[in-house]
Amino acid sequence: MTFVARTWNRLTIPGRVLLGLFLLGGLLTGALIALIIFSEPILELLGANLPLVRFVGAATVVLLMTIPTAFLIIYMEMKIIALMNLRLGPDRVGPFGSLLSVVHGLKVLMKEDFTPTGADAPVFTLAPVVTYLASVMTLLVIPFAPGLFGQDMNIALLYFFAISGLGVVGLLMGGWSSFNKYSLLGGLRSAAQVISYEVPLVLSVVGLLILAGTMSLNQLVLNQAGWFTDWYIWQQPLGFLIFFIAATAEANRTPFDLTEADSEIVAGFATEYSGMRFGFFFFAEYVNVFIVSALTVTLFFGGWNAPFPFPEIALAFDPGSLGIALLILVAVVPVVGTLILAMPFYLLRSSMPFWQALVIGFVLFNIVAVAAVLGWAFVSLEWVAGLLWFMLKTYTFVFIFVWMRGTLPRVRIDQLMGFAWKWLLPASLLNLFVTAGAVVLVRELGA
Amino acid sequence: MTATSSRPSADDPRITLDQELGIFEPVPPYPPRTEREAEFYTLGDGQMFINMGPQHPSTHGVLRLVLKLEGEQVVDLDPVVGYLHRGVEKLCENADYHHTISQVDPLEYISALFNEWAPVMAYEKLLDVEVPRRAEYIRVLSAELNRIASHALFMGWMALDLGGLTPILWSFIERDEIVEMLGALTGQRMLFNYFRIGGVNGDLNHDFMSRLGDWMTRATDQIEANLTLLNTNEIFVRRMRGLGTIDGQTALQMCWTGPNLRATGLPFDIRRAHPFSVYQELDFDIPTRIEGDCLARYLLRLDEIKQSLRIIDQCLHRMPDGPIMAKLPRLIRPRPGRAYAAVESPRGQYAAYAISDGTDQPFRLRIHDPSFIHLQSVGQLVQGQLIADTMAVMASLDPVMGGVDK
Amino acid sequence: MSFIPGLGLAKGMALTLRRFFEPKATIRYPEVRADVSPKFRGRLQLLYDEWGALKCETCFQCAQACPIECIDMGGIDTKGRYHVHWGPPEQYAERREESALRRSGRTVPDRAYEHFEQLDMSPVEAILDDHDYDPKRMLSILEAVQAVYGYLPVAALKQISFRSGAYYALIYGTASYYGHLRLDPPRDAGQARVAASARPDESVYLASLGAALDGRGAAAGAVH
Amino acid sequence: MDRVFRRRLEARLGPKLTGPVRQRHDETEIRIGAAGVTDVLRTLHDDPEFRFTFLADLAGVDTGTVMQVVYHLWSDVTPDWLRVIADGLSRDDPRVPSVTFLWQGAEWQEREAYDMFGITFEGNRDLRRIYMPPEYTSFPLRKDFYLPDDAARSPGAGIRHMEQVHVPRSAPPATSIRRIRA
């Protein structure tokens with residue numbers, strides 16, 4: 001071992017880099033060879049358990065997806081609220097401060113993970129995990145794009161509500177085990193709030209389910225294909241309103257963020273948490289925002305459907321038919337494109353040296369090329385277009401959530417409960433009955 | 001006086017470090033000394049104490065509130081103050097008359113000009129000095145600007161304690177403009193040290209006047225625009241209306257003054273009730289409201305901002321020419337006597353009571369702070385309300401702990 | 001509140017959305033400096049005149065006037081003889097070492113002077129006791145001390161500062177201001193009731209200086 | 001200076017006053033003994049001729065020889081501030097009746113005066129220290145408190161010049177107090 005260490009120490013920096021690259025290349029090559037040799041049995045094994053593979057793959061992807069999603073939403077929240085407050089917000093780390101949330105994440109990782117005296121340590125440790133997993137698992141049933149979903153269950157909506165309801169268990173665990181009265185109050189508040197709002201939340205969707213006749217989210221999205229007038233929002237405006245309000249409360253967002261009302265009960269259930277355990281709570285909150293927005297879009301705004309039937313552009317041109325000319329094109333087009341794009345700058349601005357014009361041309365060419373590839377993907381790959389529409393709609397709702405947080409003060413706990421039971425519940429029941437009556441009426445008249 | 005118990009207090013650093021870490025209960029470690037303390041620190045069935053502060057996101061400084069709760073409902077409340085006590089009155093007894101002005105400056109640090117004004121007026125009475133009229137007008141002008149800054153900040157705090165993030169930053173922008181302006185006039189942004197015995201420290205300058213003129217043209221619109229965020233907001237209004245209600249007679253009994261008293265319908269304002277400076281020559285109204293709840297206290301301060309703008313406008317139009325300092329020796333030794341002077345600060349009657357013994361240091365300087373008086377009635381106002389309302393009521397009284405703790 | 005429920009909320013949302021697009025109030029500090037008015041007093045810097053000389057004359061007036069005693073100054077008097085200090089007394093036990101005391105204007109046992117002036121302090125004590133240790137009566141104290149010693153020895157001034165609590169710089173200023181007070185012994189030493197002891201030879205002086213500079217006396221033995 | 005008001009005061013409260021009514025600038029000053037506090041303040045508060053409904057300030061004063069409690073009152077019948085001085089409280093055990101029965105808001109001001117001067121207000125339901133910690137044993141605003149008393153046990157003892165006692169060690173304590181002719 002000392003020999004290896006000594007040899008390593010004697011290397012220069014470029015030598016170390018080269019050696020590392022060399023070793024890495026060797027490893028990868030070996031792995032590739034092994035894969036090719038054993039590809040048949042591996043593929044067979046995977047093919048035999050396809051649903052399981054699909055589930056594990058989807059769970060991994062979804063789990064990995066939550067982190068950048070949370071970062072993005074945290075950044076959006078910091079930046080949008082800052083702009084509404086007439087300040088700039090994050091603007092130092094990365095372009096327009098966009099990496100600040102990443103830095104926050106690293107900071108949270110590096111902080112001391114502290115367990116207070118008197119806390120119930122196992123429960124205290126488990127609570128963030130429960131909350132985080134509950135929100136991550138709900139992502140499995142959300143259809144992001146045609147064919148791009150974890151699992152197409154026929155009871156997807158039921159699964160969604162069941163699992164997202166588990167999140168409150170984590171909050172309650174955290175509040176109870178922290179051995180802090182503020183945490184306890186926060187945990188109890190969240191329990192009361194989530195249980196109250198679960199009722200109108202579910203009831204508001206029942207009307208929609210009667211209309212659609214299915215609980216599969218994928219099927220619901222397919223039902224809304226066509227023009228934007230086919231979206232369920234036009235048939236269920238009251239249902240949407242109730243759903244949106246109740247979902248805000250479910251996600252613990254302003255004006256219903258009583259569980260972590262910092263001016264009253266410090267940070268609620270998260271008062272005693274620090275380090276990555278707090279990070280899990282924090283991430284779960286923002287993943288929840290994404291999930292709630294995604295579900296709203298899926299149920300009422302046509303999911304990944306475009307707002308109008310997109311004209312089919314048949315690509316008559318098949319790049320594969322060019323043969324060897326394709327290779328030549330790949331070699332020639334970047335150079336020619338860069339030159340062509342650089343020309344106007346060089347010719348029209350006499351003060352500009354040629355290399356600067358070349359740089360500008362290269363950058364422009366890259367932009368054009370990326371846009372072209374994306375446009376091609378958008379047109380020819382169905383799931384890219386679907387994903388883009390879905391994300392566009394979802395982040396619109398995320399923006400609305402952040403906007404509300406920037407504007408509204410917090411309601412009081414008794415007003416919150418009163419609102420749920422006295423207004424939302426009757427309204428959702430009314431919505432349900434009216435919808436049911438209308439469906440029966442239409443069916444009778446149609447028959 | 002001897003300590004009533006051999007058990008030391010939890011505040012003693014020697015003890016907390018040596019003893020094993022335990023759970024901090026707000027119950028004091030000695031037998032109760034008064035009836036009230038005994039009554040408060042006895043828990044009923046299903047009640048618990050919760051310690052709000054001294055480190056808490058929204059206590060407006062280092063204030064500790066011991067809440068006795070029944071669920072989320074506040075049964076009783078015991079404010080514990082003194083964490084910021086600096087003994088300013090004692091320091092003033094050991095300082096030159098001129099030095100005391102900067103000693104009292106950081107008391108109510110949100111509206112520091114009023115802190116200077118009351119002692120300075122008291123000293124002027126002791127010395128029988130007549131302040132030049134231009135100095136008086138400059139004092140009124142700058143003090144009213146400071147009042148607007150203070151009220152603007154109050155608006156933001158109020159919203160922040162109710163969970164609104166945005167208004168505090170908007171009002172800080174508003175306050176920052178005024179404070180920059182006063183910085184151009186006085187030389188400092190927060191603790192001005194501007195009023196001197198017999199006048200003010202510097203005359204109006206171009207920098208100040210141009211900033212003021214620029215701001216005056218858009219102040220009203222800007223403040224009004226900021227207010228639409230909250231004034232018609234259903235959540236805000238529903239939370240504030242009928243909360244922490246007090247009637248005029250009780251408020252008078254609790255020695256309330258300022259906007260808090262005026263929100264109960266009594267038009268008591270030192271500027272009119274016992275006119276000082278040149279307020280008698282100025283034309284302005286005393287806005288009142290009759291409800292006496294948090295919303296009334298909030299809205300009343302907004303009305304006051306408009307009146308302050310009127311006063312500033314008149315000051316600018318009537319500003320006389322002349323000296324800004326009375327002729328006084330550098331070392332002042334007032335003849336023995338007593339003087340009481342009160343000004344209407346943004347929080348109420350801010351008063352100073354000075355006794356001179358003929359030396360160059362005040363024999364006694366008593367500072368009367370309105371926040372101190374208002375804070376003691378929080379307990380009455382929030383009884384039976386929820387925890388969330390404790391903060392709302394606290395915020396609506398607008399206490400500044402620097403002034404409370406002296 | 002309006003009659004239409006939610007109108008207030010909508011108004012607020014519209015306002016924040018409008019502010020979203022308005023120009024921002026942030027000053028990006030290191031790149032952009034705030035516009036500070038010429039009267040602003042908060043600059044913590046010493047000013048230089050147009051020839052590059054420091055404008056501060058070390059007159060101690062700012063330190064003397066500072067009500068919260070936050071200005072700490074030190075300097076040599078105009079004849080280059082005595083080091084004068086004016087500044088905030090230190091407040092914490094760990095900073096009560098000699099250097100901290102010296103910086104704060106407190107007197108410290110200064111071994112460099114021990115061999116020069118073996119003064120009998122009992123007259124000073126008696127005079128201070130007569131004057132109630134009152135710094136306000138400093139002039140008469142100093143006059144009385146001069147009447148006893150014939151001049152004002154530095155050790156006596158330090159003793160007065162230590163006993164009465166007045167700053168050494170204040171006492172020194174008083175002593176050097178009045179013409180009839182003198183800091184050097186008069187020509188005929190016979191006037192003094194207590195004369196300064198004979199001047200020791202060079203090595204003793206160096207040893208004591210080394211001891212004083214070392215602070216703990218460890219190097220003193222090495223010199224001997 | 002409101003001469004009419006002065007005559008009214010003398011006529012109404014004459015026997016209870018322990019000194020002449022003094023007037024300077026916009027202030028009228030009367031002096032009473034500790035025993036008369038309840039009666040005089042109630043008269044001033046309730047009597048339709050006075051109507052002093054507003055207690056502007058309550059302060060303790062240590063003159064070096066005696067303790068005083070000073071009330072400042074406001075009424076709409078006179079343009080003056082009325083200063084009521086409860087005079088002649090002994091420095092060893094100053095006692096004065098509380099005025100919380102008239103103004104409940106005086107409670108904390110009395111607590112403050114108790115904390116700073118050790119004046120006992122009889123009838124105040126919550127007379128404990130308000131600024132200083134509960135185990136503190138002295139009264140900081142008294143004239144015989146030189147800022148060394150309890151602070152002398154702190155690490156910074158004897159360092160700040162204001163903590164120095166400018167007094168001969170042999171002097172009796174009574175001569176060392178800064179005093180005013182009250």
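Me: How many Å separate the centres of domain 1 and domain 2 of chain B?

Reply: The two centres, taken over C-alpha atoms, lie 30 Å apart. Keep in mind that this is a predicted model.

Me: Where do those domains run in chain B?

Reply: Domain 1 of chain B covers 30–80, and domain 2 of chain B covers 88–404.

Me: How do I read the contact between them?

Reply: Start with the residues on each side. Domain 1 of chain B puts 14 residues in contact with 18 residues of domain 2 of chain B. Then look for the elements behind them. On the domain 1 side, strand S2 (64–70) and strand S3 (73–80) of chain B each supply at least two residues. S3(B) gives the most to that side, with six residues.

Me: What is the domain assignment of chain A?

Reply: Chain A is divided into domain 1 (71–309 + 396–446) and domain 2 (319–380). Their centres, over C-alpha atoms, are 44 Å apart.

Me: How is the size of an interface often given?

Reply: Often as the accessible area lost when the parts come together. Here, work from residue counts. The contact of chain A with chain C takes nine residues from chain A and 11 residues from chain C. On the chain A side, helix H4 (50–84) and helix H15 (382–407) each supply at least two residues. H15(A) gives the most to this side, with three residues. By class, the chain A side has six nonpolar, two polar and one charged residues.

Me: H4(A) also packs inside its own chain. How do I read a helix crossing?

Reply: Take the axes, then the hand, then the residues. The axes of H4(A) and helix H5 (residues 100–110) of chain A come within 8 Å and cross at roughly 115 degrees. Their crossing is right-handed. H4(A) contributes A:Phe71, A:Ile74, A:Tyr75 and A:Met78 to the contact, while H5(A) contributes A:Leu100, A:Ser101, A:Val102, A:His104 and A:Gly105. Those contact residues divide into six nonpolar, three polar and no charged.

Me: Where does H8(A) bend?

Reply: At A:Glu198, by about 25 degrees. Check what follows the bend: a proline, A:Pro200, comes within four residues.

Me: Which residue takes a positive phi just after H8(A)?

Reply: A:Gly213, with a phi of about 75 degrees.

Terms used. Residues numbered from 1 in each chain as written. Chains lettered and ligands numbered in written order. Predicted model: local features only at pLDDT ≥ 70, side-chain atom pairs only at ≥ 80, totals over all residues. Contact = placed C-beta atoms within 7 Å. Nonpolar A, V, L, I, M, F, W, Y, C, P; charged D, E, K, R; others polar. Axes fitted to C-alpha atoms, helices over the stretch in contact; angles between N-to-C directions. Left-handed = near helix turned anticlockwise from the far one by under 90°. Bend = angle between axes of the 7 residues up to and from the residue. Domains from an automatic or database assignment.
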